[in-house]
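Q: Can you walk me through some of the packing here? Start with the strands, then the helices.

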Amino acid sequence: MAEQRILALSFYYRPDLSAGSFRTTALVESLLEQPSSEVKIDVITTLPNRYSSFSSQAPERETGERLSIRRIKLPPHQSGKLDQAKAFIRFAREASEVAKGKQYDLVYATSSRLMTAALGAWIARRGNSPLYLDIRDIFVNTIKDVLSKKVAFVLEPLFSVIERWSINRAAHVNLVSMGFEPYFKARYPMRTFSYFTNGIDEEFMLQDSMAGHESRAENRPIRVLYAGNMGEGQGLHAIIPAVARRLSGRASFKLIGDGGRRPHLEKALAESGADNVELAAPMPREELIKEYLNADVLFLHLSDYDAFKKVLPSKIFEYAAMGKPIWAGVSGYAAQFLHEEVSNAAVFHPGNAEQALQVFDQLDISDTPRETFVKKYSRKTIMRAMAEDVLGCMRQRAVV
């Protein structure tokens with residue numbers, strides 16, 4: 001079989017801490033493991049930059065027999081919109097230059113903020129390569145909620161054009177959430193879609209050792225843990241101070257992560273007088289798992305925006321795998337998914353502290369392994385199927 005080359009574009013890749021990093025790394029590994037695959041893969045990504053408060057060393061270049069990784073160095077940045085835009089422009093410019101003159105049998109791009117998808121479409125068009133897009137958010141919807149009305153009014157038409165051009169350039173599009181289906185099918189009826197979700201990585205598939213990890217003493221507070229981004233989308237500053245203050249003496253909170261709204265969270269906690277909340281910096285996964293195991297309840301929250309009614313947070317999968325009760329302020333598809341797929345999960349409307357406290361009392365504060373869920377949503381299983389889909393897209397183009 002003739003050698004075939006795939007370009008994989010992802011703003012984040014191992015060892016960075018993000019859903020995009022974990023997802024792309026798992027897919028690349030699955031592509032290389034396919035028994036009928038003779039592909040070589042070039043990954044173009046960035047040096048670890050997800051959080052300014054967490055750094056992990058990685059070489060700019062890794063070269064193996066079938067896998068080459070090029071990590072682009074970004075300027076120092078925080079989580080502000082302008083900083084993010086500058087960082088992406090650097091990534092796009094250098095990624096385009098790295099890929100220039102190379103012929104690929106397929107370009108794969110995974111994108112949450114649309115622009116990596118557009119970059120993939122540009123590189124694929126320039127090289128006349130088929131494009132496989134992995135869409136992890138509806139950015140055109142999101143900007144209406146996270147930006148001011150005036151800015152969104154100007155940018156929404158522009159990003160709608162970019163989205164249309166990118167999607168129509170793709171040979172195939174994967175949507176990470178079934179909640180995205182109505183939006184994309186209505187706008188792009190001629191495109192083909194698949195629905196390979198996020199999943200559970202092997203390091204979280206430890207349910208046999210989780211059950212009964214540590215029995216909670218009757219006289220100690222319930223330990224509530226949140227781990228993840230602390231941005232506008234999570235809205236922790238709008239919910240944690242209120243529920244923490246009301247649960248003083250009954251529960252303690254540990255919030256692990258960083259993001260653009262962490263200062264707002266710190267200020268809101270100080271103003272609320274809540275003294276039962278600990279903030280911790282992002283940490284490697286092996287340390288995070290220990291924190292999960294020592295928690296009694298795992299907390300999740302998304303801001304009350306229309307765009308977030310369609311998403312399926314990757315955090316749900318690793319939380320569910322830990323066998324812990326889940327306390328989630330989500331709506332739309334994420335709420336439906338939790339109700340249908342995850343036992344011992346209490347769901348409340350985002351930002352509604354009163355409802356959050358009501359459903360908190362409905363939780364069974366004990367470890368409950370979810371073997372069926374873990375088996376169904378194994379990242380390895382999902383990515384193996386997605387790898388077959390990616391290779392099928394490439395081979396279909398080769399036959400044509």
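**Strands and helices**

A: In this predicted model, Phe253 sits opposite Val277 of strand E11.

Q: How do E10 and E11 pair, and over how many bridges?
A: Strand E10, residues 251–256, pairs with E11 in the parallel sense, over 4 bridges.

Q: What order do the strands of that sheet have?
A: E11-E10-E9-E12-E13-E14. The sheet is open, has 6 strands and pairs in parallel.

Q: Which strands stand at the edges?
A: Strand E11 (277–280) and strand E14 (345–348). Each has a single partner strand, so one side of each lacks a neighbour in the sheet.

Q: What does the twist average?
A: 20 degrees from one strand to the next.

Q: Which strands does H10 touch?
A: Helix H10, residues 285–294, packs on the sheet and touches E9 (222–227), E10 and E12 (297–301). The direction of H10 makes about 150 degrees with that of E9.

Q: Switching to helices. At what angle do H2 and H3 pack?
A: About 20 degrees, with the axes 11 Å apart. H2 covers residues 81–99 and H3 covers residues 115–127. Angles under 35 degrees count as roughly parallel, so H2 is roughly parallel to H3.

Q: Right-handed or left-handed crossing?
A: Right-handed.

Q: Which residues make the contact?
A: From H2: Phe88, Phe91, Ala92, Ala95, Ser96 and Ala99. From H3: Met115, Thr116, Leu119, Trp122, Ile123 and Arg126.

Q: How many of those are nonpolar, polar and charged?
A: The contact of H2 with H3 has 9 nonpolar residues, 2 polar and 1 charged.

Note on methods. Residues are numbered from 1 along each chain as its sequence is written. This is a predicted model: local features need pLDDT of at least 70, side-chain atom pairs count only at pLDDT 80 or more; totals for chains, interfaces and linings use all residues. Side-chain values use heavy atoms; hydrogens and water are left out. Axes are lines fitted to C-alpha atoms, for helices over the stretch in contact, and angles run from 0 to 180 degrees between N-to-C directions. Helices (H or I, at least four residues) and strands (E, at least two) are DSSP runs, numbered from the N terminus. Angles under 35 degrees count as roughly parallel, over 145 as roughly antiparallel, 65 to 115 as roughly perpendicular and the rest as oblique. A crossing is left-handed if the near helix is turned anticlockwise from the far one by less than a right angle, and right-handed if clockwise. Contact means heavy atoms within 4.5 Å. Ala, Val, Leu, Ile, Met, Phe, Trp, Tyr, Cys and Pro count as nonpolar, Asp, Glu, Lys and Arg as charged, and the others, Gly among them, as polar. Two strands pair if DSSP finds at least two bridges between them.
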